[in-house]
Amino acid sequence: MLYGAQIWGITDGSGTMPKSRVKALKKVQNQSLRKVLGAYKRTPTAALEREAAVPPSNIYIPHLASQRAVTTSGFPATEAICTALNDVWTSLERRRPAGRTRGRRPRPHGPRPSTIIEAARQAAIRKTKQIERVQEKARNAAIRKEFEAEILTVGGTLGRNQDMRNRAEDRLQTDRQRNEPQTGGHRHKHKKKTPLEIWYDALWRKRWKQQAEGGTATTWQNPWTLQTVPLYEGLQKHEATALCLLRTEVIGLNAWLYSVNVPDILPRCECSWSTQSVLHVLCVCPLYSGQRGDLYSQAGSRDLTEILSTPRGAQTAGRWLIRCGILPHLRLAGQIQQEDTGDQAPFPELDQ
Ligand SMILES: [Zn+2]
């Protein structure tokens, strides 16, 4: 679906894509994310994108396009096109006859305007430089802070300070070199983010933050740097669904059902507590007090946000919700999983 997005995803100077260009793609992505996570229709898209770690299409596509614009800058074809365009432009300029402008279309003058891709390339380079400046500043500040702390601890004479200052200068230098982009063919498993990746991640974060404003569910409470995918790793589909529902709190418990005006539902819990919320079910409700000990000990915490924010806790909570059978639509999946399938033969492979 994103075929050629590096070309058609190029944006104008403002950096945003026209809505009409991504509308259809956005819809497909939303539907897919809902299926993958098993989330309800009412779950905000920003929460789905965050849980699945899939950026919004109107951020991802311009990112692809600007990455491509930078990559192609040194290509022979790019240079050939640029030379040809310049030649056309200067030939038009040269042909302008002096003093004979009447009746003719005005001739171009001044420097050749940038093509769309050239403008995109320049914008991408500006973004890269902006991020690099911020990084450099942060790095220097960190080194300076470390150095100052060292001076404070050691105290000492002026001479010693001077010596340490020199050492710190050296360190600053080596640190700068160490942070230079590596050009060898060596590939790291966790490769460092490129400035453009950082720039577009910051844009996504900004949009997400606006959505997260005032949200109480764990997904909104977590800091942006928390990695969401590891929370789901190793879970079966229905368990991952349960976890997503717990983290977004768009979940078929009475408190939420009542909040969206489902008929004949009251927010209260069967235990007669006034609201059946995620917090109530996991940490308070006496109906599940028997199972709660397991939850706490396996999750390694008694705090709801903490449980749902670590891989260990989150996976425990997802499985726990299935075992308790609180959500009717996940109960069947839980029963199937517990069924003894030892005497059943697996499906034969197709090519046998
Ligand atoms: Zn209760």
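Modeller: Let us begin with Ala53, which lies in the loop between helix H3 (45–52) and H4. Please bear in mind that this is a predicted model.

Biologist: Which loop holds Asp264, and is Asp264 buried or exposed?

Modeller: Asp264 is placed in the loop between helix H12 (254–259) and helix H13 (278–284). Its phi is also positive, about 60°, and Asp264 is not a glycine. Asp264 counts as exposed because it has 5 C-beta neighbours inside 10 Å.

Biologist: Which residues of H4 are buried?

Modeller: The general idea comes first: an α-helix has 3.6 residues a turn, so residues three or four places apart point the same way. In H4, the buried residues are Ser57, Asn58, Tyr60, Ile61, Pro62, His63, Ala65, Ser66 and Ala69.

Biologist: How are two packed helices described?

Modeller: One gives the angle between their axes and the distance between the axes. Helix H14 (residues 289–299) and helix H16 (residues 311–324) pack at about 160°, with axes 8 Å apart. H14 and H16 are therefore roughly antiparallel, since angles over 145 degrees are classed in that way. Their crossing is right-handed.

Biologist: Which residues of H14 and H16 meet?

Modeller: From H14 come Gln291, Leu295, Gln298 and Ala299; these meet Arg312, Gly313, Thr316, Ala317, Trp320, Arg323 and Cys324 in H16. The residues of this contact of H14 with H16 comprise five nonpolar, four polar and two charged.

Biologist: At what angle do H11 and H16 pack?

Modeller: Helix H11 (residues 237–248) packs with H16 at about 105°, the axes being 8 Å apart. That angle makes H11 roughly perpendicular to H16. On the H11 side the contact is made by His238, Glu239, Ala240, Ala242, Leu243 and Leu246, and on the H16 side by Ala314, Ala317, Gly318, Arg319, Leu321 and Ile322. The residues of the contact of H11 with H16 divide into eight nonpolar, two polar and two charged.

Key
Residues are numbered from 1 along each chain as its sequence is written. This is a predicted model: local features need pLDDT of at least 70, side-chain atom pairs count only at pLDDT 80 or more; totals for chains, interfaces and linings use all residues. Axes are lines fitted to C-alpha atoms, for helices over the stretch in contact, and angles run from 0 to 180 degrees between N-to-C directions. Helices (H or I, at least four residues) and strands (E, at least two) are DSSP runs, numbered from the N terminus. Angles under 35 degrees count as roughly parallel, over 145 as roughly antiparallel, 65 to 115 as roughly perpendicular and the rest as oblique. A crossing is left-handed if the near helix is turned anticlockwise from the far one by less than a right angle, and right-handed if clockwise. Two residues are in contact if their C-beta atoms, placed from the backbone, lie within 7 Å. Ala, Val, Leu, Ile, Met, Phe, Trp, Tyr, Cys and Pro count as nonpolar, Asp, Glu, Lys and Arg as charged, and the others, Gly among them, as polar. A residue is buried if 20 or more other C-beta atoms lie within 10 Å of its own, exposed if 12 or fewer, and partly exposed in between; C-beta atoms are placed from the backbone.
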